[in-house]
Amino acid sequence: MKNTPFIYLRPMIFLTVFSLFQCVGVYAEILLPEIFSDNMVLQQQTDAPLWGKASPGKNVTLVTSWDNREYSARSDNSGNWKISVKTPVAGGPYSISISDGKKKKLTNVLIGEVWICSGQSNMEMPLAGWGKILDYEKEIREANYPSIRLLHIERETSFQPLENIRQTRDGWQVCSPATIPEFSATAYFFGRNLSRELNIPIGLISSSWGGTVAEAWTSGESLIWMPEFKDRVVEISKQSDEEIRRQYEIKTKEWNQLITDADKGYKKGEAVWAGNYFNDQSWKRMSLPNIWENVGMDNFDGIVWFRKEVIIPESWKGKSLNLSLGSIDDDDITFFNGEQIGASEGYNIKRIYAVPAKWNTNNKAVITVRVTDTNGAGGFSSKPEEIYLSLQENPASTISLAGDWKYESVVNFNDFPSRPVSSLGHPNRPTVLYNAMIHPLIPYAIQGVIWYQGESNVGNAPQYRELFPLMIRDWRKQWNKDFPFYFVQLANFLSVNPEPTDSDWAELREAQLQTLHLGGTGIAVTIDIGEASDIHPKNKQEVGRRLALNALAQTYGKDIPFSGPIYKGYRIEGNQIRINFDHAEGLKILHGSSLKGFAIAGPDHVFHWADAEIIKNEVIVSSPKVPFPVAVRYAWADNPECNLYNGADLPASPFRTNDWKK
């Protein structure tokens, strides 16, 4: 049987399907963007736009069940149409019928408050999966909130602004224990707090990507005003996604052919090393599961073939089987008696392949696995109990495949040119995430945005002072609405420094704090809930709550405290400095008996730990080592020890009174 090597084809298949969808000129029925689906939430009491594709020149009608009002529009020469509907006060469920002669109906639609939730990994971090926030099992079990709706935007990049999100996770979902585990924990806890306090439907649109920089989330037309980004923005704007994909596909095909030609396991397209009668006596032996770096194959990235002969019980002959291999790092092509039964890409995918009965007719079987490792560790990362054969009709009846296998390494990628990499896959380029993951959401009617990002911009705080507020203003301009924008200040992280010191993390937090000068913004200070050894704090419940306090107070008019103490100003009084704050009602020490985290410096610019005392709603700072003080810092470190709070038990934001260069 001919078996074509399967290495990196899946991305190209997806792109081809997408390209076909994009090129369709005549539509058999109305096409809606991914962000419109059953279960969605529309922003209450506004003109909410809906849009899509129809055949050119078609009359499109839309009827909303909350008022039975009919709206209409005619599609343009490209088939585009858009209709804005007047939404009532929060409620539902409702339906929306759309027709150009053929009816499409959206059901279980709620009217309420819609928030975009964006940023990098701390916003992306799910309740379970790789995240596992505090008490995640309990939180998932109790996540029955049918009036909270979730829309997860999958990762994508583009050099040009896209009109449609390329993929969501099955459209809008009703919040339940089944749908919440992989959703943004911060977004969920924010929405849950709003739902409990407001008792109205909440729509959460999660559009995040871990490890990404703010400039990637900013449009070219705004980012071009920052000189350090101008040239890159111009360069990117001239590039075509389609041409880049085409060139990538050509180069990948050529590289795959180069590797296939070098793979002795194939001969004229046939997997000769998978055959039952292939002589593997000279092959080495390895106990599986195992990572091949553990057996002396250090720094080997490439292709290794594995073979194992298995005795098939007489009672199993002629019956369908399942072959389980667990996880493989990174990709595999798997054969049973010389016939390909499966192929997978990705180290985190469990391999379970069906073996048809027609290939299971002998007392012996040969299982062959061609493993491709692109970088890092390679081999079988599964557990011993995950490698087995079983009867499909009786899955409990198994034969363990753990133990001795024969193997032969055949292709070392270090001996070949580097595998082609599509520049479209790199998220940390100016504009590419805005283009692919934000622009297609416009002009969906929203109430506001919550944001958790900044870790990837640490080390460049002076730039972030301009970049972050520019990004906020950019989004507001694109939506033509000055919506509220609430963001998380970076949590404490890394080791505790015993002495006052400079800190890139503190400077980035200061840049975030200064963004409060932009109207309609709010900050959730998290300097007290980080983890020294984990950049992803597990207490996302409190992060969501503090973001929600901002929204409840500033957007929804609740008379509640929503911020910890924010530095306002200072006065030098002899050998001490008096600090005053906004949001300082009930200023107090929350943990311990004395204030920690204050440092003071004189004209020599050398900071020393300071004595600090709360006097009413101010703090008096001094040190016997600094007779002529000129500046104060608070919580100015990667991971500071600090304990100043207000009466609402909200922590004070880190700050400094000076602006000295390092």
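The following paragraphs treat a helix pair and then a sheet.

This is a predicted model, in which local features need pLDDT of at least 70 and side-chain atom pairs count only at pLDDT 80 or more, while totals for chains, interfaces and linings use all residues. Residues are numbered from 1 along each chain as its sequence is written, and side-chain values use heavy atoms, leaving out hydrogens and water.

Two packed helices are described by the angle between their axes and the distance between the axes. Helix α9 (residues 461-479) packs against helix α10 (residues 504-514) at about 20°, the axes lying 9 Å apart. Axes are lines fitted to C-alpha atoms, for helices over the stretch in contact, and angles run from 0 to 180 degrees between N-to-C directions. Helix α9 is therefore roughly parallel to α10 (angles under 35 degrees count as such). The crossing of α9 past α10 is right-handed, that is, the near helix is turned clockwise from the far one by less than a right angle. From α9, A461, P462, Y464 and R465 make the contact (heavy atoms within 4.5 Å); α10 contributes E507, L508, E510, A511, Q512 and Q514. By class, five of these residues are nonpolar, two polar and three charged (Asp, Glu, Lys and Arg count as charged; Ala, Val, Leu, Ile, Met, Phe, Trp, Tyr, Cys and Pro as nonpolar; the others, Gly among them, as polar).

Helices (H or I, at least four residues) and strands (E, at least two) are DSSP runs, numbered from the N terminus. Four strands, ordered β27-β28-β33-β32, form an open sheet with antiparallel pairing (strands pair if DSSP finds at least two bridges between them). At its edges, β27 (566-573) and β32 (611-615) each pair on one side only. From one strand to the next, the twist averages 25°. Seven antiparallel bridges join β27 to β28 (residues 576-582), and I572 stands opposite I577 in β28.

Note on methods
Angles under 35 degrees count as roughly parallel, over 145 as roughly antiparallel, 65 to 115 as roughly perpendicular and the rest as oblique.
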